[in-house]
Amino acid sequence: MPLLLQGTQQALINKIVTTTTHILAVRTGQEIKISNRDPFAHNIHPLAKVNREWNKMQLPNTPSFSYAYDKAEFIPIKCNIHPWMHGYIVVLNTSHFAVTGEGGNFSLPDLPPGRYVLTAWHETFGTQSREITIAGDESQTIDFVFQAKP
Ligand SMILES: [Cu+2]
């Protein structure tokens, strides 16, 4: 089971393991709220290399705590107690990002006109980038195809 990560403005890491995504994307400096709703302890351990690495024991029925990362980084996160719990915190220098939903769809609403490098990242299949130009009020469909390795 993955570590459940979810969040919007105030991101929340919730360790009850019931959903499909285990990727949390935030901006640099954005607060990530980490809470334990399970009746047992976790040791939350983001494996940062560019940012500071830390781990923290979180007992049941204890208050949530918050953390923000200063630098952009793709940070694997695990629980030191439960080896099946893992996910990623993706810290980005841009506010234009999305985590794909079921079916792999994403949207980037309110992207101002301009030229962009659009990068798709998958934890197993790596990254693909494409230059796009957005003019005016248009909307574009961009498809990325990742090949599963045999
Ligand atoms: Cu755990």
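This is a predicted model: local features need pLDDT of at least 70, side-chain atom pairs count only at pLDDT 80 or more; totals for chains, interfaces and linings use all residues.
Visitor: How many helices and how many strands does the protein chain have?
Guide: From the N terminus on, the elements run β-β-β-β-β-β-β-β-β-β-β. The secondary structure therefore comes to zero helices and eleven strands.

Visitor: What is the mean pLDDT of the protein chain?
Guide: Over residues 1-20 the pLDDT stays under 50, although the model has 56 contacts beyond four places in sequence for them. Across the protein chain, 86% of the residues reach a pLDDT of 70 or more. The mean pLDDT is 81.

Visitor: What percentage of the residues in the protein chain is buried?
Guide: A residue is buried if 20 or more other C-beta atoms lie within 10 Å of its own. The protein chain has 150 residues, and the buried share of them is 15%.

Visitor: Among contacts with a separation of 6 or more, what percentage joins residues 24 or more positions apart?
Guide: Contact here requires C-beta atoms within 7 Å. Of the contacts in the protein chain with a separation of 6 or more, those between residues 24 or more positions apart account for 41%.

Visitor: Which strands are the edge strands of the open sheet of five strands?
Guide: The open sheet has mixed pairing and the order 3-9-8-5-6. Each edge strand pairs on one side only. On average, neighbouring strands of this sheet are turned by 25° against each other, direction ignored. The edge strands are strand 3 (23-27) and strand 6.

Visitor: Is the pairing of strand 5 and strand 8 parallel or antiparallel?
Guide: Strands of a sheet pair through backbone hydrogen bonds, in either a parallel or an antiparallel sense. Strand 5 covers residues 42-46 and strand 8 covers residues 73-79, with three bridges between them. Ile44 stands opposite Cys79 in strand 8, and His45 stands opposite Lys78. The pairing of strand 5 and strand 8 is antiparallel.

Visitor: Which residue in strand 9 is the bridge partner of Ile75?
Guide: Strand 8 and strand 9 pair in the antiparallel sense over six bridges. A hairpin of six residues joins strand 8 to strand 9. In strand 9, the bridge partner of Ile75 is Ile89.

Visitor: How far apart are the C-alpha atoms of Lys56 and Cys79?
Guide: Lys56 has its place in strand 6. Lys56 and Cys79 are 23 residues apart along the chain, and their C-alpha atoms are separated by 9.4 Å.

Visitor: With which residues is Phe106 in contact, leaving aside its neighbours within four places in sequence?
Guide: Phe106 lies in the loop between strand 9 and strand 10 and is partly exposed, with 13 other C-beta atoms within 10 Å. Phe106 and Ile142 are 36 residues apart in sequence and 9.5 Å apart in space, C-alpha to C-alpha. Leaving aside its neighbours within four places in sequence, Phe106 is in contact with Ala98 and Thr100.

Visitor: Where is Asp110, a residue other than glycine with a positive phi near 60°?
Guide: Asp110 has 7 other C-beta atoms within 10 Å and is therefore exposed. Its phi is near 60°, a positive value in a residue other than glycine. The place of Asp110 is in the loop between strand 9 (86-92) and strand 10 (114-122).

Conventions: Residues are numbered from 1 along each chain as its sequence is written. Helices (H or I, at least four residues) and strands (E, at least two) are DSSP runs, numbered from the N terminus. A residue is buried if 20 or more other C-beta atoms lie within 10 Å of its own, exposed if 12 or fewer, and partly exposed in between; C-beta atoms are placed from the backbone. Two residues are in contact if their C-beta atoms, placed from the backbone, lie within 7 Å. Two strands pair if DSSP finds at least two bridges between them. Axes are lines fitted to C-alpha atoms, for helices over the stretch in contact, and angles run from 0 to 180 degrees between N-to-C directions. pLDDT is the predictor's confidence in each residue, from 0 to 100.
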